[in-house]
Each structure stands twice: as C-alpha cells, then as structure tokens.
Amino acid sequence: LMREGGRTQPFNHTMRYPDAYVPRQLTFEIGGRMNYAGQETEALDEASVMAAIEACSAAQVEAIGVCLLWSIANPDHEAQVGALLAAHLPGVPFSLSHQLNPTLREYRRASSTCIDASLKPLMADYLGSLAGRLSDAGYRGEVYVASSQGGMMQAADLAQAPIYVLNSGPSMAPVSGRYYGAREDASRPVIVADTGGTTYDVSLVRDGLIPMTREMWVGEPYLGHMTGFPSVDVKSVGAGGGSIARVDSGGILHVGPDSAGAVPGPACYSHGGKNPTLTDACVVLGYLDPDYFLGGTMAIDPQRAADAIQHTVAAPLGISLEEAAWAIAMLATENMAQAIIDITVNQGIDPAQAVLIGGGGAAGLNSTFISKRLNCAQLVIPEVGAALSAAGALMTDLSAEFSLTRFFTTSAFDMDAANTALDTLRAQCDAFRARSGDRVIDYSVLLKVEARYPRQGWDIELPLPVQRFDSTADIEALKQAFHETHDRIFAVRDDASEIEVVSWTAVAKC
C-alpha cells in the first residue's frame, strides 16, 4: 500500500492515490519469522496459513502470490506455504517471491510476485492453446516467446513466470539496434529509437551492453504499478505518428500524449478521425506520398489532413496551414529529442558522439530532424526499420536470468560465500542449458552484481570482472570496476571508499 513514495505532480493534492494491486481484503498475514541472516526466530504458524488458504478458497481467488520477509535469505517458510497451497488449493496457480524475484526491496518483490501470479491463469491458457493449435497444424518445433529481458524463452517456461512477457515487444528493438549500430561503428554508443503510432521508445546500448532496469511500470509512473522486475531499460514518451495536436486555452500548441491510435487513426486515413496528428502534418508537408502509402495498398486523403490542421491548429494560432504543420512536426521532434537527452546526458553520454538507429513504422517522419537537433554523428534507418523489434526477436538468444541476494562489503569480504553463490547461479544456468535441447549452438554465462557505496540508497548493476574470488586482487578488480561504472554514470567516484555488494546475477544465453 505504501509503495516507495513518489508522485507525478507532487503539489497537486487532488490526485487520488492509486489503489493497491491486491485489495486489502485479499491480503493475508501469517505467523512466523526469518531474520535478515536467514535464521528462524519464529516457526511458521501453519494454522494461520490454513486460515488464509480457506479465506482464499471462499473468495474463489484465481491465483496467489506469496511474499514473506527475508525469504531471500532463507526460503524455507515460503516453500512450506507453497507446499500447503499445492495440497489444499490444487489447480490454483501461485508464485513464490524467492523463486521469481529474490531482490532486497520488499515492495518490488511483492509487486512482481503478485503481478506474475495474476497473469498465470490467462497466459497458461493462451500459451497452451497456441502450442496445441500449432501442433494440430503439423508444427513439430519449439515455441519461443520474447521476454522483457531482451531474450527468448520457451513457452512452457514463460507460462511458469509470465511476468517476463511484460514490455517484451519494446525490449527487442535494442537488440537489433545493437546489431546495426555495431556494423556502422562499434566504438560509439548506440541510441535506439522506435517510433510507433502512440509512443516513442528510446533505449541505449553502450560497449555492446543493453542496460537493464527494475523500475518498469504497468501503466503510468506512480499511478500504475511498478513491477520491480529486471527488464530492458526503455524510456517511452507519448509521441508517435498518431499523436494528436491541439491548442489549449492559453494558445499553446501541444502534440501528444493523446493518440488517434489505429482506429480511427489520423484524419487522412478517412476512418472517422477528426483530430490532426503528426502523420497528418507530414502529409501536408509532403513527407508522405498519398499515392504510395503502405506501398500503394492504402489510400490517404491529403485534404482531410489539411482541413483538420487548419481548423484545429492554424486558425486558433493565426498562422498558415504550412506553418501549423511545420510547428506540429517540430514540437513532436523536440519531445522525442528530450526523451533521448534524458536517457543519454543523464548517463554522461553526448548524443553528438552516438549512432542513432531509427526504427518503427513512423521512423521516416522525423528521424533526420531528430539527428540534426542532437548533432548525432550518424543516423541509420535499417531496411527492417519498420519492424525493428520483430527483427530483434529473430536476432536474440534463448536466455534466462537467475539472481540471489547475498550482502557483502569489500572491507569484510567472504570469498568462500561469494564463490558458493556464484556456483549456485552457474548450476541454475547449466540446468537451463540442459532444458534447452540439443539444437543449442553456443552457450555463455554472464555474471553481474548490483553494488553501491556505503549508505547509498540505490544500487547500480555492472558485469563481474572475475569468474571467481581467489585472492584480494579479485576483490580489488571488483572495486575498480564499480568505481569506473559509477564514474561513467554519475561523473563522480570515490576510490578510497569500500563498496557493498547487494545481489548477484547470472544470465545464461544459448
């Protein structure tokens, strides 16, 4: 209920605080306690668990999420709850937080667990019926689904953890963007921009790595629900080919975030849309050929586009039709450029030194303007640009990510415990490789950690520079890698400081 705080409009107290993802009447407390070290200080109260199970049964719940304090240090109590659920509520899917998202922060762990559980009935039916229909049609291969972490998963694995599918479409654009950016200039950072009808999705690739985030939202930030689950870091703004242009009561032009969508679409589609959009502006400016839209398969009406802009924008502002169309295109360009600035400059990257990859169905409308606005070194619009994310899905690997929380400080580092954690993660990766079948051509494991300076509120993720910890030199290598990463992101470092390692991650790719 309390979440992590934060408001989109801090001083607007008329905005209603969003409801919890799970209603309070369907939230149950049970007895028992593990402490932060994983020691049981109070045995699990099975009577309270059974009372909660009976209440869930009476309420005819369709799925259950289980998130207990410090299950990341010792999952025994959660495992016992899972066994009782399987025995007394057969057929009701459930998710256990220590298996799904063993992260330190309780709200994010609980949120991801409940979101995952709520998706299981729907996704299990959908994927099961899809696999069945494909089999009936004679398909004998595997069924893979794109994940939010920029990889592919087997459908059976995804049905067990459907949260991986959230935001999976946009996560594929950086994969193909990385490929095309490296072909142009592997030494430069790559900005990947995916322009759709409603949103403009921006991501960043640096040193061949696609950054991840745990701050993905279902809905608008602070008004929706944070998944707290690792996913490709994609920033979305309400700007696209269908973004609606309007003039407010103060005479100020706005473009987006409202969109005409595919139905009714821009005014020029002649499908009932009355509002002018970026697409209509581009028709008026001559950037779209009315006689060859979608390869000539769809007719668009330039006069409807002109009428909509004249009535809604040009007349209220007292400017010509062409000036109004240009203003719409330039304002949309500025909104998109600001999204790129937010994701690059805030991480110490100069867009002028980057390669801009223009993708998405509307990439051709203003990618040139955006690259000029930011002085990008190069602009690339691939042949598959209109299907950038789909191309990424064909390029990416079969992958899985495993993580666990083990807190260490470099001043009192337990190398044996750290190596045990790494061995556990590698074993999970090897099991994933074994499940992936005999058609795997290559197999690799990337080790990562989330670390911070002492008393920092948030962690940063970086690749682990060593495979094992065998000497103090390995610990020093970790410290130096963290200092360099912190300096690159925040332009500040403290070489004299120790660091705290919070969590460990292994990414398996086949």
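Reader: How many bridges join S7 to strand S8, and which way do they run?

Author: The model is a predicted one. In it, 6 bridges join S7 to S8 (residues 200-205), and the two strands run antiparallel.

Reader: Which way does S7 run relative to strand S16?

Author: S7 and S16 (residues 355-359) run parallel, joined by 5 bridges. Within this pairing, Val192 stands opposite Ile357 of S16.

Reader: Is S7 buried or exposed?

Author: Buried: 6 of the 6 residues of S7 (residues 190-195) are buried, so the strand is largely enclosed by the rest of the structure.

Reader: Which residues point one way from S7, and which the other way?

Author: Val190, Val192 and Asp194 point one way, while Ile191, Ala193 and Thr195 point the other way. Side chains in a regular strand alternate between the two faces of the sheet.

Reader: Turning to the whole protein, how many helices and strands are there?

Author: The protein has 13 helices and 21 strands. Its radius of gyration is 25 Å, close to the 24 Å that the globule rule gives for 510 residues, so the protein is as compact as a globular protein of that length.

Reader: And what share of the residues is buried?

Author: Buried residues make up 47% of the 510. The accessible surface comes to about 24400 Å², and 52% of that belongs to carbon and sulfur atoms.

Technical notes: Residues are numbered from 1 along each chain as its sequence is written. This is a predicted model: local features need pLDDT of at least 70, side-chain atom pairs count only at pLDDT 80 or more; totals for chains, interfaces and linings use all residues. Side-chain values use heavy atoms; hydrogens and water are left out. Helices (H or I, at least four residues) and strands (E, at least two) are DSSP runs, numbered from the N terminus. The radius of gyration is taken over C-alpha atoms; the globule rule is 2.2 Å times the number of residues to the power 0.38. Buried means under 20% relative accessible area, exposed over 50%, partly exposed in between (1.4 Å probe, protein chains only). Accessible areas come from the Shrake-Rupley method with a 1.4 Å probe; for residues, only the protein chains shown count as cover. Two strands pair if DSSP finds at least two bridges between them.
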